[in-house]
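Hello,

Here is the structure we talked about. Please open it alongside this note.

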Amino acid sequence: MLDPDQLNDADGTILDVLANDSGRLRPTHIAEDASLDRSYVSQRLKRLVEHGHVAKPRSGLYKLADDPREE
């Protein structure tokens with residue numbers, strides 16, 4: 001698990017996009033909503049999945065699992 005201070009601005013934005021959507025999103029949609037590069041979003045999602053904050057229920061789809069910014 002990551003501490004909030006280990007997140008960069010992009011991580012926070014990605015978590016915000018996922019938190020504001022009740023479904024599962026593709027990196028392309030997250031990148032558009034967050035105004036970030038898709039490949040960079042994919043890199044950050046991989047890290048967030050590795051630490052258990054984002055779940056990958058199906059190939060190419062992501063959803064918020066545990067927001068490290070909440071206590």
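Below is what turned up on salt bridges.

First, the ground rules. This is a predicted model, where local features need pLDDT of at least 70, side-chain atom pairs count only at pLDDT 80 or more, and totals for chains, interfaces and linings use all residues. Residues are numbered from 1 along each chain as its sequence is written, and side-chain values use heavy atoms, with hydrogens and water left out.

The structure holds 4 salt bridges (a side-chain nitrogen of Lys or Arg within 4 Å of a carboxyl oxygen of Asp or Glu).

Start with Asp11. It pairs with Arg44, with the closest N and O atoms 2.8 Å apart. Asp11 sits in helix 1 (residues 9–19) and Arg44 in helix 3 (residues 38–50), so this bridge ties together parts 33 residues apart in sequence. Helices (H or I, at least four residues) and strands (E, at least two) are DSSP runs, numbered from the N terminus. Both Asp11 and Arg44 are buried (under 20% relative accessible area; exposed is over 50%, partly exposed in between; 1.4 Å probe, protein chains only).

Asp11 also bridges to Arg47, at 3.6 Å between the closest N and O atoms. Arg47 is in helix 3 too, so that pair ties together parts 36 residues apart in sequence. Asp11 has a relative accessible area of 0%. Arg47 is partly exposed, at 23%. Asp11, Arg44 and Arg47 form a salt-bridge network.

Next, Arg69 and Asp16. Their closest N and O atoms are 2.8 Å apart in a salt bridge. Arg69 lies in the segment after strand 2 (61–64) and Asp16 in helix 1, 53 residues apart. Arg69 is partly exposed at 33% relative accessibility. Asp16 is partly exposed at 36%.

Best wishes
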